[in-house]
Amino acid sequence: MSEAAALPPGEHLVHGTDPHLAHHFSSLERQVDASRLGMWLFLSTEVLLFAGLFTGYAVYRYSFPVAFAASARTSEIWAGTLNTIVLITSSLTVALAIHFVRAGRQRAAVVCLAITLFFALAFLGIKAIEYTAHFHEHQLPGRYYRFEGVRLPGAEMYWALYFLMTGLHGLHVVIGMTVLAVIAWRTAHGYYSAHYYVGIELAGLYWHLVDLIWIFLYPLLYLI
Amino acid sequence: MNETLRRFLFLPDQASTFASQVDHLHYFVILTTFVMSTAVGLTAILFFILYRRRSETQTTPHIEPAPLLEAAFVIVPLSFFLLWWVIGYRTSIELATPPADAMDVYVQGKKWMWKFAYPGGPNAVNVLRVPSGRPVRLLMTSRDVIHSFYVPEFRVKQDVIPGRYSQIWFNATAPGRYQILCAEYCGAGHSIMRGEVIVLKAEEYEDWVSAQHRGLATKQDGPPTALDFAPPLGNLVDQGRRLAQEQGCVKCHSVDGSQHIGPTWLDLYGRREKLSDGRIITVDEGYITESMMDPFAKIVDGFKPVMPSFANKLAGPEVAAIVEYIKSLQSDAVRTGPSEGPAYAPVRGR
Amino acid sequence: MRQSEEDREKLGAPPAHESYLTDGTTVMSWLNTRDHKRVGVMFLVAVVFFLFLGGVFALAIRMKLLYPGPFLFDALTYNRLFTLHGVTMIFLFMIPAIPSAFGNFVLPLMIGARDVAFPRLNLASFYVYLAGAVLAVWAMVHGGADTGWTFYTPYSTTTPTMLFPLLLGVFIIGFSSIMTGINFIVTVHTLRAPGIGWMRVPLFVWGIYATSVIQVLATPVLGLTVLLVALERVLGFGIFDPARGGDPVLFQHFFWFYSHPAVYIMVLPAMGVISECVATFSRKNPFGYKAIAFSSLGIAFVGFFTWGHHLFVAGQSVFDNGVFGVLSMFVGIFTAVKVFNWVGTMYRGAISFKTPFAYICGFLFLLVFGGMTGVALATVALDVHWHDTYFVVAHFHFIMVGAVIMGFLAALHYWFPKMFGRTYHEGWGLVAASLIILGFNATFIPQFLLGNNGMPRRYYQYPEHFQALNVASTAGATLLGFGFIIIFIYLVIALRWGPRCEQNPWRSKGFEWLTPSPPPTHNFDKIPHITQDPHDYRTHAPSGVYTDV
């Protein structure tokens, strides 16, 4: 009822004292809560964005089971597996960055973020190699499909979904990299500290989501 | 009563067995709606008269509804709504379930006309003749975009979708002429994509069919075709098989997968073919039809352009029959092509 | 003035502050503002412009339909016009109308916040909306699209018209919608003033909250769908192309998964406005506060599971038809609960028939009639006859457009003094309200009958026996147009020359009236501590006291 009424103990008004606090929030804690909630809501929109593609995948997999299975078998499993490992590791380094900044070790945090960026680049690099191979083999969506290996109706649909899903995911990786780069730069310049590190936390959340989506894409596009 | 309400609500004539059924639900629903919206409006007016503001500083008591009242707010409309739903849903199940003795007519929608083909009977453009008092099932597909087959007097409507078949059925009760309208927006000619259902008395219909077969009344709907003179023969696939032999198609195209002068028809439909100019196409109805009409437009890689055109030799339903025959030639059980709507098999044991 | 001074004295509030309208008068001070009130006003200006634009398209369509044959312009122009009418009204007017304009303005005031949670995101939302709108208008000027606002495949993937920029515009506007939605949810969660527990949140805020949930969860699916259509047009991916194994009906599922809940994005805020106005003008506490609040959430929830009722004749299975039909009825139930409680609010109240109250009456009629015809459409069998006819057109104009227009105008008149500190001419207000309500019914009741009679929608030419009803409908539309012109004139006059009003001209106990009208830039110098439920008219005591915060 009145949980919003009384300020929780320990929360105190720091207006004018904390550069991070916006004028319309009563305390930094509440402001950080707001940012976190906002981020979670944003992540839910991302989930629903991909949900559409997953639904499309389910529908067409049901329509063309043989073509999908045959096409998935021609994708580069080594690349997919390697990318999965790369991304999961990069999630770990982001988590470590948050850990370090909480402990007041901004330098270590920046290093971790840099490693994450490196892994993200590696991911994109491997993806680019894969894409090149697909282009050479004409494993392309819709009307561009000319792959001799699999000539079943529905194979072009697999590649349409493959490129849509990995493409959209790749776009998210690029966005995530941009965000992480900004955050790393800001951390290096002392904007974040053990006292205020919500930016790194939110960027980390976003990165975990990018990772999570890949964990669903990997079996759908490479394994089954 | 029925007639008064029908006119009051501007409903068209009731010309099918559904029409009166649907209309009775219609009256029930609309009258309840009238009563409810009037009741809400009157209550608001009543409250306004009773509880006008007496002074600018008036205070009012704090009133909370009794839980029972709130429950009534839910239960009363819910029971009405569910009653409507039960009645309406039952009718709609009936609408979706053609009786076993229904007569089949194939319908093809394209921008912006309706084509009708009777299995073993004549074909027609924009004019559908059906006997009264006998269920008619329409098996419909579209050549281009989505259309919707709608006859207001029958109270039936069904979308006609490219790449799949949809079905609808009706039992016309009153002989007469009724407009067919396209209800799904399909472009510049959407509003003039109109046809006509002519409901004939059963004996008149039989006369018309036999007249068609004798080739007497064919000028109305198109030139007579080989099919018009042949005895009614099974479904489209059977017709297609017979036509393919008569027209000599199978002299060059094998149906068992063996190589010959032309590409084999086995598994042709849905196959990806490489053309002589390097393009890859998927064989669909459009490609098969085009190849019959204009064989040199797209030559499959490795074959010579030797096929004659059948542009003036085959009529619409004959082409459809051959296409259906080719589509039926599939070697395995793996489903190819897009999902189909309702079952394509004829309902009678033909 | 005297009244507001007294109020302030009682509240122990500091003297009047500079209003948000005078705090910086340069163009840049508006364009670069972080103030939720200024963002709200900018949205208001934009949506009124698009209402005008959409209205002009509508009138052009109605003029053509005076004659059955070709008239005024050709079929392609007609098809473009109804597409542009739909796109403009839905994406540029109705979806942002109440949440982005009035929600932005009053939501923080109602919960005693100094601003929304993310003020910069809020401004960004406006510019993203503007960018999308400019792109959409650009597409309209350079040829326009002719698919209808539903963009059904495969027509939309094959039409040669300028669909791509329009789809991109819709895609971009979606971001604006999501941004506003996230902002409002977070604001309601984190910025409620002391004393406003969840069961004291004003009903308008509940309406906006439920709306925001839908905006956040449904809009991404629309974004993806228009993206797929755009890609299909440009690159031929074949996702919805039957020739490549795609399923055009899948598009309809995707599209309505957004666009059916989108109806509630439009109508829930209007319901929120009505909840506030009914209480204020009846001087009564909302009858069944909890029922109204929870039914908003209920509509938002159930609204996600009803999209299939748009596909009753699209070859969906009979089982699906039944399930979607019965689920759609539950939306009707929630709406019915609201209607009964609004009428209940009038019971033993002290009703004053001001302009907003006139719109409440219009709203109730349109909502009940439109809503019940909606339930009728969900009975499957009736939908088979009505589907894609003018009956459906009339139904959604009643329930969706009617409700939004009534809610929008009620909000505009109710909060006009709050926003601009001036009052309009009450007599003209009532004249225009009667014209609008009359005109609306005169336009769309003939369309219900046209649908019964069997006239499909989106018809450029029509069989001659439909003409009489079409002429009647056009006559009604003209009346409606006049109503809007009158409103525009007297409100512009009021804006410039209207008499200044006191802080709380309606003597409302809504929380937003605890600040001066128009409010100062940061709304509250001291955050009020709320001590009563919203709209508690048992006493004259203000519903909040200013604490030291």
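**Exercise 1.** Is the crossing in which α3(C) passes α16(C) left-handed or right-handed?

Solution. The model is predicted. Begin with the two axes: those of helix α3 (residues 36-64) of chain C and helix α16 (residues 467-497) of chain C come within 9 Å and cross at roughly 155 degrees. Angles over 145 degrees count as roughly antiparallel, so α3(C) is roughly antiparallel to α16(C). The residues come next: Gly55(C), Ala58(C), Leu59(C), Arg62(C) and Met63(C) of α3(C) make the contact with Ser473(C), Thr474(C), Ala477(C), Gly481(C) and Phe484(C) of α16(C). As for handedness, α3(C) passes α16(C) in a left-handed crossing.

**Exercise 2.** Describe helix α2 of chain B by its span and its buried residues.

Solution. The helix covers residues 17-50, which is 34 residues. From first C-alpha to last, α2(B) reaches 50 Å, close to the 50 Å expected at 1.5 Å a residue. The buried residues of α2(B) include Phe18(B), Val22(B), His26(B), Val29(B), Val40(B), Ala44(B) and Phe47(B). In an α-helix there are 3.6 residues a turn, so residues three or four places apart point the same way.

**Exercise 3.** How many residues of chain B and of chain A are in contact with chain C?

Solution. For chain B, 78 residues are in contact with 81 residues of chain C. On the chain B side, α3(B) provides the largest share, 16 residues. For chain A, 33 residues are in contact with 38 residues of chain C. Here α1 (28-63) and α5 (155-188) of chain A are the elements that give two or more residues, and the largest share, 16 residues, comes from α1(A).

**Exercise 4.** Where is Gly288(C), and is Gly288(C) buried or exposed?

Solution. Gly288(C) lies in the loop between α9 (248-282) and α10 (289-302) of chain C. A residue is buried if 20 or more other C-beta atoms lie within 10 Å of its own. Gly288(C) has 25 within that distance, so Gly288(C) is buried.

**Exercise 5.** Inspect the backbone at Arg155(B), Arg458(C) and Pro154(C).

Solution. Most residues other than glycine have a negative phi, and most peptide bonds are trans. Arg155(B) has a positive phi, near 60 degrees, and sits in the loop between β6 and β7 of chain B. Arg155(B) counts as buried because 29 C-beta neighbours lie inside 10 Å. Arg458(C) also has a positive phi, of about 60 degrees, in the loop between α15 (426-453) and α16 of chain C. The peptide bond from Thr153(C) to Pro154(C) is cis, with omega near -5 degrees; Pro154(C) is in the loop between α5 (119-141) and α6 (155-158) of chain C.

Definitions and conventions: Residues numbered from 1 in each chain as written. Chains lettered and ligands numbered in written order. Predicted model: local features only at pLDDT ≥ 70, side-chain atom pairs only at ≥ 80, totals over all residues. Helix = DSSP H or I, 4+ residues; strand = E, 2+ residues; numbered from the N terminus. Expected span 1.5 Å × (residues − 1). Buried ≥ 20, exposed ≤ 12 C-beta atoms within 10 Å, placed from the backbone. Axes fitted to C-alpha atoms, helices over the stretch in contact; angles between N-to-C directions. Parallel < 35°, antiparallel > 145°, perpendicular 65-115°, else oblique. Left-handed = near helix turned anticlockwise from the far one by under 90°. Contact = placed C-beta atoms within 7 Å.
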